[in-house]
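Dear colleague,

Please find below the structure that I am handing over to you. I would be grateful if you could read the notes after it with the coordinates open.

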Amino acid sequence: MPPRETQTADDVLQAHKDEEYDMRFPSYLGFWKRSVPGLDEAPRFDMYDEPHLKRKRQILIDHPEIEELYGYDTNTVWITLATVCAQMGLAYLFGRVLTDWNWTMVIVAYVVGGSFSTQIGIIFHEFTHNLCAATSLQNRWVGNIANIPLVVPLAQSFRRYHLEHHTYQGVYGYDPDLPLEWEIRLIGNDPLKKFFWLIIYGVMYIGRGLAQQKQLSRWELYNWAWTLGCDVLVYKVCGARGLLYLAVSVLLGFGLHPGAAHFIQEHYTFRDGQETYSYYGSGNFFWLNIGYHNEHHDFPLVPWTKLPEIKRLAPEYYDHLAYHTSWCAVLYMFVMSSLLAPQSRVVRTLDAHRYARKNLKVPSSSQFAALAPVKSKFADRVKKAADLAMQKARARLISAAE
């Protein structure tokens, strides 16, 4: 990932000179061009803060009724229990009953176990935002219970890093969802490397959090103790083979699996100026509407069952955005298209994020007409500043490669 020095505080101030309002209104799409492998070596830079908090404010001006959707849905608790019981039943089946069904176990681990594993990852997503139950404590225990079939203690670490992703989306060094600099350099735009990178994407996701070298929180330590204790119990009940089935399910489910394609769908840039993408395909029926990602980032306090209602209530803010209808197509495009690679992200420095968040306001509806004529002037200025940062990052990556 390019260094934060590619945008100095002076660069940020110059880019936003005389700008009182955030000129991305009303959709809060950026003015940047997406990073193109072969032409660019680094992710694209933006000079603004992440767009979703301001778009939420903009939407609520026109649709205050969306706040009525805030809350939690206890149906997620029952889905969690059913998913965990089903996956543990399969672990017992292959661990103690079908002990010589090797290839069948692998196939089931991909098709069924992998689907359950990605489902659990999405349950993590819900409990992280306290959308499963009334209290934070209850939500944390939903996460711990959901963690049982994953073998590795992930729930509480996911909560910590996912909330940071929402706060610092695209901010270099702060957003754990961004590929690391060595990933961009090593994978490049080679289809075979991209293919194998997707296979281990779940491992890389964990590695990015570890790369931040943060001390484990109290709840993360609880999660470790809980998960290791559950692993011992699973070993005693289901045997080593049952534990192996669960581990294979996790590796396959968080790798090259349709249910895991949302990791690429969500923030890899398929269109200029748009850094978050939704998916409106049939997979939402099984995977708890995880595809409604623009809606979720705009309104993270709305549970999965009500995310489609946001789009229905405010179509003028969502219908014009690019979206996906096939997760399999997302995976295929990422591997085979020369226009997509790990560098296909938009990044911002902490200085740019903080300045734009603090100083550039959301205009009221009555101010739109007055601001519209000068919008292009500000767009040109911030685009030139972002392009300069891109050139500095490109020079650094080329130097590092040599």
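The notes below cover helix geometry, cysteines and backbone details.

This is a predicted model, in which local features need pLDDT of at least 70 and side-chain atom pairs count only at pLDDT 80 or more, while totals for chains, interfaces and linings use all residues. Residues are numbered from 1 along each chain as its sequence is written, and side-chain values use heavy atoms, with hydrogens and water left out.

Helices and strands are named from DSSP runs (H or I of at least four residues for helices, E of at least two for strands), numbered from the N terminus. Helix α10 covers residues 218-253, which is 36 residues, yet its end C-alpha atoms are only 28 Å apart. A straight helix would reach 52 Å at 1.5 Å a residue, the expected span being 1.5 Å times one less than the number of residues. Within α10 there is a kink of about 115 degrees centred on Cys238; the bend is the angle between axes fitted to the seven residues ending at a residue and the seven starting there.

Two helix pairs deserve attention. For these, axes are lines fitted to C-alpha atoms over the stretch in contact, with angles from 0 to 180 degrees between N-to-C directions. Helix α6 (residues 155-167) packs against α10 at about 150 degrees, with the axes 7 Å apart. The pair is therefore roughly antiparallel (over 145 degrees; under 35 is roughly parallel, 65 to 115 roughly perpendicular, and the rest oblique). On the α6 side, Ala155, Gln156, Ser157, Arg160 and Tyr161 meet Trp219, Glu220 and Asn223 of α10, where contact means heavy atoms within 4.5 Å. The axes of α8 (residues 191-199) and α9 (residues 201-211) come within 5 Å and cross at roughly 70 degrees, so these two helices are roughly perpendicular. Trp197, Leu198 and Ile199 of α8 make this contact with Tyr201, Met204 and Arg208 of α9.

The disulfide count (cysteine sulfur atoms within 2.5 Å) is 0. For Cys132, the nearest cysteine sulfur, that of Cys85, is 16 Å away. Cys132 is also buried, at 0% relative accessible area (buried is under 20%, exposed over 50%, partly exposed in between, with a 1.4 Å probe and protein chains only).

As for the backbone, a cis peptide bond with omega of about -5 degrees joins Phe25 and Pro26. Leu288 is not a glycine but has a positive phi of about 50 degrees, and is buried at 3% relative accessibility.

With kind regards
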